[in-house]
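Reader: Hi! I have a new structure to look at for class. Could you walk me through it?

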Amino acid sequence: MNPATREADYAGVLSAAERLRGVAHRTPVVTSRTLDARVEGQVFLKCENLQRMGAFKFRGAYNRIAQLAPGERAGGVVAFSSGNHAQGVALAAKLLGVPAVIVMPDDAPAAKIAATREYGAETIFYDRATMNRAEIADRIARERGATLVRPYDDSEIIVGQGTAALELLQEAADLDVLLAPVGGGGLLSGSALAAAALRPGIEIYGVEPEAGDDFAQSFARGERVEIAVPKTIADGQQTTSPGELTFPIVKRLCAGILTVSDDDLRATMRFAFERLKLVIEPSGASALAALLAGKLELRGRRAGVIVSGGNVDPAAYAAIICGGTAGRGTSA
(Lines give C-alpha, C1' and ligand atoms only; values in the text may rest on other atoms or scores of the structure.)
Protein backbone atom coordinates (compact mmCIF):
# COMPACT_ATOMS: atom_id res chain seq x y z
CA MET A 1 0.00 0.00 0.00
CA ASN A 2 1.17 3.53 -0.77
CA PRO A 3 2.30 5.01 2.56
CA ALA A 4 0.89 8.37 1.49
CA THR A 5 -2.69 7.10 1.38
CA ARG A 6 -2.97 4.39 4.06
CA GLU A 7 -4.91 5.41 7.15
CA ALA A 8 -3.02 7.55 9.63
CA ASP A 9 -3.19 6.22 13.19
CA TYR A 10 -1.36 6.26 16.51
CA ALA A 11 0.74 3.24 15.54
CA GLY A 12 1.96 5.31 12.60
CA VAL A 13 2.95 8.13 14.95
CA LEU A 14 5.01 5.67 17.01
CA SER A 15 6.70 4.32 13.88
CA ALA A 16 7.48 7.84 12.73
CA ALA A 17 9.00 8.63 16.11
CA GLU A 18 11.43 5.72 15.71
CA ARG A 19 12.28 6.84 12.18
CA LEU A 20 12.99 10.37 13.39
CA ARG A 21 14.98 9.33 16.43
CA GLY A 22 18.43 10.92 16.27
CA VAL A 23 17.48 12.91 13.16
CA ALA A 24 14.84 15.40 14.27
CA HIS A 25 15.51 17.48 17.36
CA ARG A 26 13.56 16.57 20.46
CA THR A 27 12.61 20.19 20.98
CA PRO A 28 12.33 21.66 24.48
CA VAL A 29 9.13 22.16 26.43
CA VAL A 30 9.20 25.65 27.94
CA THR A 31 7.19 27.02 30.87
CA SER A 32 6.78 30.55 32.23
CA ARG A 33 5.37 31.76 35.53
CA THR A 34 4.45 35.04 33.85
CA LEU A 35 2.49 33.20 31.18
CA ASP A 36 0.79 30.96 33.72
CA ALA A 37 -0.30 34.01 35.71
CA ARG A 38 -1.67 35.68 32.58
CA VAL A 39 -3.91 32.74 31.68
CA GLU A 40 -4.55 31.51 35.24
CA GLY A 41 -3.40 27.99 34.44
CA GLN A 42 -0.28 26.01 33.55
CA VAL A 43 1.07 26.18 30.02
CA PHE A 44 3.68 23.92 28.44
CA LEU A 45 5.09 25.23 25.16
CA LYS A 46 6.45 22.67 22.68
CA CYS A 47 9.05 24.79 20.88
CA GLU A 48 9.08 23.56 17.30
CA ASN A 49 10.53 26.93 16.36
CA LEU A 50 13.76 25.29 17.57
CA GLN A 51 13.32 22.26 15.30
CA ARG A 52 15.70 21.65 12.40
CA MET A 53 14.98 24.25 9.68
CA GLY A 54 12.92 26.15 12.25
CA ALA A 55 9.56 24.37 12.14
CA PHE A 56 7.69 21.13 12.77
CA LYS A 57 7.47 20.51 9.02
CA PHE A 58 10.81 18.69 9.04
CA ARG A 59 9.21 15.82 10.96
CA GLY A 60 6.64 14.91 8.34
CA ALA A 61 8.88 15.58 5.38
CA TYR A 62 11.66 13.32 6.64
CA ASN A 63 9.24 10.59 7.66
CA ARG A 64 7.72 10.58 4.16
CA ILE A 65 10.88 10.81 2.08
CA ALA A 66 12.75 8.25 4.20
CA GLN A 67 10.24 5.62 3.09
CA LEU A 68 10.75 6.09 -0.64
CA ALA A 69 12.01 3.04 -2.51
CA PRO A 70 15.46 3.33 -4.17
CA GLY A 71 13.89 3.92 -7.58
CA GLU A 72 11.64 6.64 -6.20
CA ARG A 73 14.57 8.36 -4.52
CA ALA A 74 16.42 8.47 -7.82
CA GLY A 75 13.47 10.28 -9.41
CA GLY A 76 13.52 12.95 -6.74
CA VAL A 77 10.68 14.72 -4.96
CA VAL A 78 8.48 17.71 -5.72
CA ALA A 79 6.64 19.84 -3.17
CA PHE A 80 4.62 23.06 -3.17
CA SER A 81 4.91 25.51 -0.29
CA SER A 82 5.58 29.13 0.62
CA GLY A 83 8.17 28.27 3.16
CA ASN A 84 8.18 25.79 6.03
CA HIS A 85 7.13 22.68 4.10
CA ALA A 86 9.50 23.81 1.36
CA GLN A 87 12.39 23.98 3.80
CA GLY A 88 11.39 20.74 5.52
CA VAL A 89 11.32 18.83 2.24
CA ALA A 90 14.52 20.48 1.02
CA LEU A 91 16.45 19.59 4.18
CA ALA A 92 15.04 16.06 4.45
CA ALA A 93 15.85 15.41 0.78
CA LYS A 94 19.39 16.70 1.26
CA LEU A 95 19.97 14.45 4.26
CA LEU A 96 18.65 11.45 2.33
CA GLY A 97 20.46 12.24 -0.94
CA VAL A 98 17.27 12.87 -2.90
CA PRO A 99 16.90 15.67 -5.52
CA ALA A 100 14.15 18.16 -4.63
CA VAL A 101 12.10 20.70 -6.58
CA ILE A 102 9.94 23.18 -4.66
CA VAL A 103 7.08 25.15 -6.24
CA MET A 104 6.83 28.45 -4.34
CA PRO A 105 4.66 31.58 -4.71
CA ASP A 106 6.58 34.56 -6.07
CA ASP A 107 5.66 36.55 -2.95
CA ALA A 108 6.99 33.99 -0.48
CA PRO A 109 9.12 35.45 2.33
CA ALA A 110 12.65 36.08 1.09
CA ALA A 111 14.18 34.34 4.10
CA LYS A 112 12.24 31.15 3.38
CA ILE A 113 13.20 31.20 -0.30
CA ALA A 114 16.86 31.65 0.61
CA ALA A 115 16.80 28.83 3.16
CA THR A 116 15.09 26.46 0.72
CA ARG A 117 17.79 27.10 -1.85
CA GLU A 118 20.56 26.79 0.72
CA TYR A 119 19.33 23.28 1.50
CA GLY A 120 19.98 22.45 -2.15
CA ALA A 121 16.47 22.43 -3.61
CA GLU A 122 15.55 23.82 -7.01
CA THR A 123 12.83 26.50 -6.75
CA ILE A 124 10.13 27.21 -9.32
CA PHE A 125 7.83 30.21 -8.78
CA TYR A 126 4.18 30.87 -9.57
CA ASP A 127 1.63 33.66 -9.17
CA ARG A 128 -0.77 32.63 -6.40
CA ALA A 129 -3.52 34.89 -7.75
CA THR A 130 -3.68 33.28 -11.19
CA MET A 131 -1.97 29.89 -10.99
CA ASN A 132 -2.66 26.60 -9.18
CA ARG A 133 0.38 25.37 -7.27
CA ALA A 134 -0.82 21.78 -6.96
CA GLU A 135 -1.37 21.51 -10.72
CA ILE A 136 2.11 22.89 -11.39
CA ALA A 137 3.70 20.44 -8.96
CA ASP A 138 1.71 17.51 -10.42
CA ARG A 139 2.91 18.39 -13.91
CA ILE A 140 6.55 18.64 -12.83
CA ALA A 141 6.32 15.32 -10.98
CA ARG A 142 4.94 13.59 -14.09
CA GLU A 143 7.51 15.15 -16.39
CA ARG A 144 10.46 14.25 -14.16
CA GLY A 145 9.24 10.96 -12.76
CA ALA A 146 9.40 12.45 -9.29
CA THR A 147 7.32 11.78 -6.16
CA LEU A 148 4.97 14.52 -5.01
CA VAL A 149 5.32 15.21 -1.28
CA ARG A 150 2.14 16.99 -0.24
CA PRO A 151 2.22 19.46 2.67
CA TYR A 152 -0.53 17.77 4.72
CA ASP A 153 -2.76 15.38 2.75
CA ASP A 154 -0.41 12.44 3.15
CA SER A 155 -0.72 9.90 5.95
CA GLU A 156 3.03 9.72 6.55
CA ILE A 157 3.21 13.50 6.74
CA ILE A 158 0.35 13.48 9.27
CA VAL A 159 1.91 10.88 11.58
CA GLY A 160 5.31 12.51 11.28
CA GLN A 161 3.89 15.83 12.46
CA GLY A 162 2.13 14.01 15.28
CA THR A 163 5.47 13.16 16.86
CA ALA A 164 5.66 16.74 18.20
CA ALA A 165 2.56 16.18 20.34
CA LEU A 166 3.79 12.71 21.26
CA GLU A 167 6.97 14.19 22.74
CA LEU A 168 5.04 16.97 24.47
CA LEU A 169 2.70 14.54 26.20
CA GLN A 170 5.54 12.25 27.16
CA GLU A 171 7.21 15.15 28.95
CA ALA A 172 4.17 17.04 30.27
CA ALA A 173 1.69 14.42 31.41
CA ASP A 174 -1.87 14.98 32.60
CA LEU A 175 -2.65 17.79 30.18
CA ASP A 176 -6.27 18.91 30.10
CA VAL A 177 -6.01 20.83 26.83
CA LEU A 178 -3.86 20.73 23.69
CA LEU A 179 -3.73 23.61 21.22
CA ALA A 180 -2.01 23.53 17.84
CA PRO A 181 -1.93 25.88 14.86
CA VAL A 182 -3.94 24.65 11.88
CA GLY A 183 -3.47 25.40 8.20
CA GLY A 184 -4.14 22.33 6.06
CA GLY A 185 -4.42 20.20 9.20
CA GLY A 186 -1.34 17.98 9.14
CA LEU A 187 -0.02 19.11 12.51
CA LEU A 188 -3.43 19.24 14.17
CA SER A 189 -4.61 15.85 12.91
CA GLY A 190 -1.32 14.14 13.77
CA SER A 191 -1.30 15.80 17.18
CA ALA A 192 -4.88 14.68 17.78
CA LEU A 193 -3.98 11.07 17.00
CA ALA A 194 -1.16 11.16 19.54
CA ALA A 195 -3.03 13.10 22.22
CA ALA A 196 -6.23 11.07 22.06
CA ALA A 197 -4.24 7.84 22.46
CA LEU A 198 -2.03 9.04 25.30
CA ARG A 199 -4.57 11.16 27.16
CA PRO A 200 -8.19 10.04 26.54
CA GLY A 201 -10.60 12.87 27.24
CA ILE A 202 -8.12 15.66 26.52
CA GLU A 203 -9.64 18.70 24.79
CA ILE A 204 -7.90 19.36 21.49
CA TYR A 205 -8.24 22.66 19.63
CA GLY A 206 -6.88 23.94 16.37
CA VAL A 207 -6.19 27.66 16.01
CA GLU A 208 -6.20 29.67 12.77
CA PRO A 209 -6.39 33.34 11.70
CA GLU A 210 -9.80 35.00 11.65
CA ALA A 211 -9.21 35.97 8.03
CA GLY A 212 -8.53 32.34 7.07
CA ASP A 213 -11.23 30.46 8.96
CA ASP A 214 -11.77 27.62 6.49
CA PHE A 215 -11.26 25.01 9.22
CA ALA A 216 -13.57 26.80 11.68
CA GLN A 217 -16.31 27.04 9.06
CA SER A 218 -15.79 23.42 8.03
CA PHE A 219 -15.83 22.17 11.62
CA ALA A 220 -19.06 24.06 12.33
CA ARG A 221 -20.76 22.70 9.22
CA GLY A 222 -19.37 19.19 9.47
CA GLU A 223 -18.01 19.27 5.93
CA ARG A 224 -15.07 20.81 4.10
CA VAL A 225 -15.60 24.45 3.12
CA GLU A 226 -13.48 26.37 0.63
CA ILE A 227 -12.70 30.07 0.99
CA ALA A 228 -10.69 32.63 -0.97
CA VAL A 229 -6.98 32.98 -0.25
CA PRO A 230 -7.01 34.86 3.07
CA LYS A 231 -5.07 38.05 3.72
CA THR A 232 -3.18 37.53 6.97
CA ILE A 233 0.36 37.86 8.30
CA ALA A 234 0.18 34.15 9.16
CA ASP A 235 1.82 32.97 5.94
CA GLY A 236 1.72 29.31 6.97
CA GLN A 237 -2.04 29.40 7.46
CA GLN A 238 -3.27 30.84 4.18
CA THR A 239 -4.91 27.61 3.12
CA THR A 240 -8.31 27.77 1.47
CA SER A 241 -9.79 24.43 2.56
CA PRO A 242 -9.03 21.65 5.07
CA GLY A 243 -7.25 18.59 3.76
CA GLU A 244 -9.24 15.58 2.56
CA LEU A 245 -7.30 13.26 4.88
CA THR A 246 -6.82 15.66 7.77
CA PHE A 247 -10.37 16.97 8.18
CA PRO A 248 -12.04 13.65 9.14
CA ILE A 249 -9.44 13.13 11.88
CA VAL A 250 -9.92 16.66 13.22
CA LYS A 251 -13.71 16.33 13.05
CA ARG A 252 -13.57 13.06 15.00
CA LEU A 253 -11.02 13.91 17.68
CA CYS A 254 -11.00 17.68 18.22
CA ALA A 255 -13.20 19.78 20.49
CA GLY A 256 -13.21 22.80 18.22
CA ILE A 257 -11.39 25.39 16.13
CA LEU A 258 -10.49 28.79 17.57
CA THR A 259 -9.61 31.92 15.59
CA VAL A 260 -7.30 34.84 16.36
CA SER A 261 -6.75 38.21 14.73
CA ASP A 262 -3.53 39.42 13.17
CA ASP A 263 -3.24 41.88 16.04
CA ASP A 264 -3.48 38.93 18.46
CA LEU A 265 -0.60 37.30 16.58
CA ARG A 266 1.51 40.45 16.74
CA ALA A 267 0.90 40.86 20.46
CA THR A 268 1.81 37.21 21.06
CA MET A 269 5.03 37.49 19.06
CA ARG A 270 6.00 40.51 21.16
CA PHE A 271 5.13 38.68 24.38
CA ALA A 272 7.18 35.65 23.32
CA PHE A 273 10.17 37.86 22.52
CA GLU A 274 9.99 40.02 25.63
CA ARG A 275 8.98 37.50 28.29
CA LEU A 276 9.89 34.07 26.89
CA LYS A 277 12.93 35.01 24.78
CA LEU A 278 11.49 33.04 21.86
CA VAL A 279 11.40 34.06 18.20
CA ILE A 280 8.08 32.89 16.76
CA GLU A 281 6.64 33.43 13.30
CA PRO A 282 2.98 34.56 12.96
CA SER A 283 1.63 31.09 12.16
CA GLY A 284 3.68 29.58 14.95
CA ALA A 285 2.19 32.04 17.43
CA SER A 286 -1.47 31.28 16.75
CA ALA A 287 -2.06 28.57 19.36
CA LEU A 288 -0.45 30.62 22.12
CA ALA A 289 -2.34 33.68 20.88
CA ALA A 290 -5.64 31.92 21.53
CA LEU A 291 -4.76 31.64 25.22
CA LEU A 292 -3.36 35.14 25.57
CA ALA A 293 -6.37 36.63 23.78
CA GLY A 294 -8.79 34.79 26.05
CA LYS A 295 -10.29 32.64 23.30
CA LEU A 296 -10.26 29.67 25.66
CA GLU A 297 -10.60 29.85 29.43
CA LEU A 298 -7.86 27.86 31.08
CA ARG A 299 -8.48 28.70 34.75
CA GLY A 300 -6.78 26.03 36.88
CA ARG A 301 -6.09 23.67 33.98
CA ARG A 302 -2.94 22.43 32.25
CA ALA A 303 -2.49 23.19 28.57
CA GLY A 304 0.02 22.01 26.01
CA VAL A 305 0.68 24.49 23.20
CA ILE A 306 2.60 23.71 20.05
CA VAL A 307 4.70 26.65 18.86
CA SER A 308 4.94 25.44 15.30
CA GLY A 309 7.70 27.58 13.79
CA GLY A 310 10.09 30.50 13.99
CA ASN A 311 10.88 31.30 10.36
CA VAL A 312 10.05 34.96 9.87
CA ASP A 313 11.45 37.72 7.70
CA PRO A 314 13.79 39.81 9.89
CA ALA A 315 12.43 43.17 8.72
CA ALA A 316 8.81 42.15 9.25
CA TYR A 317 9.68 40.65 12.63
CA ALA A 318 11.47 43.80 13.74
CA ALA A 319 8.48 45.92 12.77
CA ILE A 320 6.12 43.67 14.72
CA ILE A 321 8.31 43.55 17.81
CA CYS A 322 8.68 47.33 17.74
CA GLY A 323 4.90 47.74 17.61
CA GLY A 324 4.38 48.19 13.90
CA THR A 325 1.97 46.38 11.63
CA ALA A 326 4.35 45.30 8.89
CA GLY A 327 4.21 41.79 7.60
CA ARG A 328 2.81 40.42 4.40
CA GLY A 329 0.78 37.29 4.13
CA THR A 330 1.76 34.39 1.95
CA SER A 331 0.65 30.80 1.65
CA ALA A 332 1.73 27.57 3.33
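Author: Happy to! Let's begin with a rule: rings of Phe, Tyr and Trp count as a pair if their centres lie within 6.5 Å. Keep in mind that this is a predicted model.

Reader: Okay, how many aromatic pairs does that rule give?

Author: The count comes to 3 aromatic pairs. One of them is formed by Phe58 and Tyr62, with 5.7 Å from centre to centre and 40 degrees between the planes, and it is classed as tilted.

Reader: Where do Phe58 and Tyr62 lie?

Author: Both lie in helix α3, 4 residues apart, which is about one turn of the helix.

Reader: And is Phe58 buried or exposed?

Author: Phe58 is buried, because its relative accessible area is 0% and buried means under 20%. Tyr62 also counts as buried, at 12% relative accessibility.

Reader: How far apart are Arg64 and Ser155?

Author: In sequence they are 91 residues apart, but in space their C-alpha atoms are 8.6 Å apart.

Reader: New topic! How many disulfides are there in the whole structure?

Author: The search finds 0 disulfides.

Reader: So are Cys254 and Cys322 buried or exposed?

Author: One of each! Cys254 is buried, with a relative accessible area of 9%, whereas Cys322 counts as exposed because its relative accessibility is 70% and exposed means over 50%.

Reader: Last one: how much space lies in the largest pocket?

Author: About 610 Å³. The largest pocket is lined by 24 residues, and those nearest its centre are Asn132, Arg133, Ala134, Tyr152 and Thr240.

Reader: Which classes make up that lining?

Author: The lining of the largest pocket has 9 nonpolar, 8 polar and 7 charged residues.

Reader: Nice, thanks!

Terms used: Residues numbered from 1 in each chain as written. Predicted model: local features only at pLDDT ≥ 70, side-chain atom pairs only at ≥ 80, totals over all residues. Heavy atoms only, no water. 1 Å grid on protein atoms, 1.4 Å probe; cavity = no way out; pocket = protein on both sides within 12 Å on 5 of 7 lines; lining within 4 Å. Points joined across faces, edges and corners; volume = space filled by probe spheres on them. Nonpolar A, V, L, I, M, F, W, Y, C, P; charged D, E, K, R; others polar. Phe/Tyr/Trp six-rings, centres within 6.5 Å; stacked < 30°, edge-to-face > 60°. Helix = DSSP H or I, 4+ residues; strand = E, 2+ residues; numbered from the N terminus. Buried < 20%, exposed > 50% of the residue type's maximum accessible area, 1.4 Å probe, protein only. Disulfide = S-S within 2.5 Å.
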